[in-house]
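User: Could you walk me through this model, one question at a time?

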Amino acid sequence: MKVKHWRLGVPRALFYYYYAPWWETFLENLGAEVVVSPPTSKEILDLGVGLAVAEACLPVKVYYGHAAWLAPRVEALFVPRLVSVEQKSFICPKLMGLPDMLRAAIKDCPPVIAPTVDLARRPKEGLRAAIRATARALGAGNREALQAAALAGARYREWLARQREGGPYLGNSVPVGNWEQPPLTIGGGAPVDYPLKHGSRPVADTDISLAVGIVGHSYLLYDRYLGMDIPGKVARLGGRVVLPENIDPTLGEAACRQLPKRLYWTLGRKIMGTALHLMEKEEIAGLIHLTAFGCGPDSLVGDLAERYAHRLGKPFLLLTLDEQTGEAGVATRLEAFMDMLSRRRSA
Ligand code: SF4
């Protein structure tokens, strides 16, 4: 059988920030030419805001923008329908309908390859079914699919291990074209040079090791436009940034057991578990929680995390972003927070 080499668009948004190496390796090994949209920009945000329903959260609006940017440039879009990626937990319902909403919203939308991933209902077969469905859509057979998935899994595990050690976040993935996002150094890497704005000043040299935990969805933390590069800003203010990807997920899961009820949202539990784990650590001076306006799970987790932080006496800053949020206001709040942490440390 002659396999067609699809020019396949992958939006650089939402779960791309969790699974980029897996998806890229898998699709490329099935013979696809993977085209990842460029990093989020004003053009992409405006595209998304113009297409998405007003009630959608900011990351979903941005996803629309990436998909719309790709639509005229590719032969098909890869938009997995993520229902659950683990047992007894679910992905936010806003993501389940993404493939259908894109088909309806984007004019001349190319075919959308949308394998369903539902490991809550089909724990054993769910992933294999999604792998086979994608391969079928690309014209590949089951054997190639399983081989490609094995390579993707190996690369993904290596990527996760590197992140835990503080390696560059996306430096190990394979963005296509000239749009590679400069690697974001995390987990105590050297702060990069940054022009401080609004009369801000870095905290004193002696506070250079002020450890600050920053939690939130990866698609906010690592999308530098959407998330305003909060980890970078904190690092440039002298903070030693600790991110969810630096933490062994089993520690977050263990920390979550102290909650009176299990959180059923996979990402919400990951964020809450990381926040709880970090706020119990003496060396963490404070926590920042980055949330998206219009996010239901975030409104619950943000409030819960703040209550636990108050109980433990850990400084906590909740930053909620939407398309109107001004960078100046965020920078001022960050500077005030870092100053406060520095003064507490001195005291
Ligand atoms: S979890 Fe929140 S931010 Fe993420 S897609 Fe759902 S509503 Fe949007």
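User: Which element has the lowest mean pLDDT, and which the highest?
Analyst: Happy to start there, keeping in mind that this is a predicted model. Across the protein the average pLDDT is 84, and 86% of the residues score at least 70. Among the elements, strand β8 (residues 239–242) has the lowest mean, 86, and the highest, 97, belongs to β3.

User: Which strands stand at the edges of the open sheet of 4 strands?
Analyst: The pairing is parallel, and the strand order is β2-β1-β3-β5. Two strands have a single partner each, so one side of each is left without a neighbour in the sheet. These edge strands are β2 (33–36) and β5 (112–113).

User: What is the bridge partner of Phe78 in β5?
Analyst: Strand β3 covers residues 76–78 and pairs with β5 in the parallel sense over 2 bridges. The β5 partner of Phe78 is Ile113.

User: What angle does the direction of helix α1 make with that of β2?
Analyst: Helix α1 (residues 16–29) packs on the sheet, where it touches β1 (7–10), β2 and β3. Its direction and that of β2 make an angle of about 155°.

User: Within what arc do the buried residues of α2 fall, and what do they pack against?
Analyst: In α2, which runs over residues 42–51, the buried residues are Ile44, Leu45 and Gly48. Seen down the helix axis they fall within an arc of 100°, so they line one face. The face turned away from that buried side carries the exposed Lys42 and Gly50. As for packing, the partner of the buried residues is α3 (58–70).

User: How many disulfides does a search of the whole structure find?
Analyst: Cys92 has a relative accessible area of 22%, so Cys92 is partly exposed. Cys109, at 22% relative accessibility, also counts as partly exposed. For disulfides, the search of the whole structure gives 0.

How values were computed:
Residues numbered from 1 in each chain as written. Predicted model: local features only at pLDDT ≥ 70, side-chain atom pairs only at ≥ 80, totals over all residues. Heavy atoms only, no water. Buried < 20%, exposed > 50% of the residue type's maximum accessible area, 1.4 Å probe, protein only. Arc of directions from axis to C-beta. Contact = heavy atoms within 4.5 Å. Pairing = 2+ DSSP bridges. Axes fitted to C-alpha atoms, helices over the stretch in contact; angles between N-to-C directions. pLDDT = per-residue confidence, 0-100. Disulfide = S-S within 2.5 Å.
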